Amino acid sequence: MRIEFVSSARGDFHWSRPVLTIGRGEDNDLVVSENHVAARHVTLHRDRRGMVLEVAPSTGRVYVNARPVRERAILRPGDSLSLGDCRMLLRDDADLDARPTVEPTDARCTVALRPVAGPLSGRVITVGDRLELGATHGALPLELPGNDVALLVLAWEDGELILDGSRVPARHAVRVNGITAVRAVLQPGDQIGLAAHRFVVDAPGWSAEPPVVLPGPAPTVDPGSEDAAGARGDVWWLILTAALLAVGIALVLFVKL
């Protein structure tokens, strides 16, 4: 199991033991120091049902996929877990390692948006050529505080998957991997956040190609430049030296004769 920290530069946490304790205290297996996190906040353990989350007594602000949990919950890979101001995403290492790495023939057919928190959790939304989330005709609902109207668009442009949040109210910032963005190029595994909504870009078989850097043209020397003049001077010195050597050898041979 791998735990990713949303909106944080902290590295991933790998866990393979049957029990995991999380909290602010140094005696926990996973120590988080964000606000509103108790000394021993939650415990995760495995049983026949899967992975079970148990909330310690007298702790607050525990959410699984944006839904409050007071005592116990069953967790699955892909679930979002929030403890106070710390937001985490649970991932399965085996599933990630099993992903193919070859480039698909048509990346548009493989990309989907997976909600991990918010009212749309539990669904898999295919992107296709264009995906609209928001309060428009034919779009999927996108609930925001205050019943604000917003439209979040994912569309392909020149082979790149573009996120367009220009029609989202400014007070509801769109974040890509924790960074506020109005327009962004998406990659597999990117995380999109908007209010209580959290999405992950799933694209098995699609990996963005790194930019190809081509070597620049060889530098040309201007015939009138100082470098060219210096090169011509070196050639003349070589010719003059060779001529002097030839004359010297001839004089030596003449004297011996």
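## Close-up views of a predicted model

**View 1. Ile192 and its contacts.** Leaving aside residues up to four places away in sequence, Ile192 touches Leu113, Leu152, Leu163, Val174, Arg175, Leu186, His197, Arg198, Phe199 and Val201. Please keep in mind, here and in every view, that this is a predicted model.

**View 2. The largest nonpolar core.** Stepping back from Ile192, we come to the largest nonpolar core, with 26 residues, where Leu113 and Ile192 have the most contacts inside the core. At least two residues of this core come from each of the strands S14 (130-134), S15 (151-157), S16 (160-167), S17 (174-176), S19 (183-186), S20 (191-194) and S21 (197-202). Which strand gives the most to this core? S15 does, with three residues. In soluble globular proteins, nonpolar side chains tend to be buried together.

**View 3. An open sheet of five strands.** Follow the strands across this sheet and you will read the order S4-S3-S5-S6-S9, with mixed pairing. Strands S4 (30-31) and S9 (72-75) stand at the edges; each has a single partner strand, so one side of each is left without a neighbour in the sheet. Ile22 has Leu30 of S4 as its bridge partner.

**View 4. A charge over a ring.** Here the charged end of Arg46 sits over the ring of Trp15, at 4.8 Å from the ring centre. How many aromatic pairs are counted in the model? The count comes to zero.

Note on methods. Residues are numbered from 1 along each chain as its sequence is written. This is a predicted model: local features need pLDDT of at least 70, side-chain atom pairs count only at pLDDT 80 or more; totals for chains, interfaces and linings use all residues. Side-chain values use heavy atoms; hydrogens and water are left out. Rings of Phe, Tyr and Trp (its six-membered ring) pair if their centres lie within 6.5 Å; planes under 30 degrees apart count as stacked, over 60 as edge-to-face and the rest as tilted. A charge sits over a ring if NZ of Lys or CZ of Arg is within 6 Å of the ring centre and within 35 degrees of the ring normal. Two strands pair if DSSP finds at least two bridges between them. Helices (H or I, at least four residues) and strands (E, at least two) are DSSP runs, numbered from the N terminus. A nonpolar core is a set of buried Ala, Val, Leu, Ile, Met, Phe, Trp, Tyr and Cys residues joined through side-chain atoms within 4.5 Å. Buried means under 20% relative accessible area, exposed over 50%, partly exposed in between (1.4 Å probe, protein chains only). Contact means heavy atoms within 4.5 Å.
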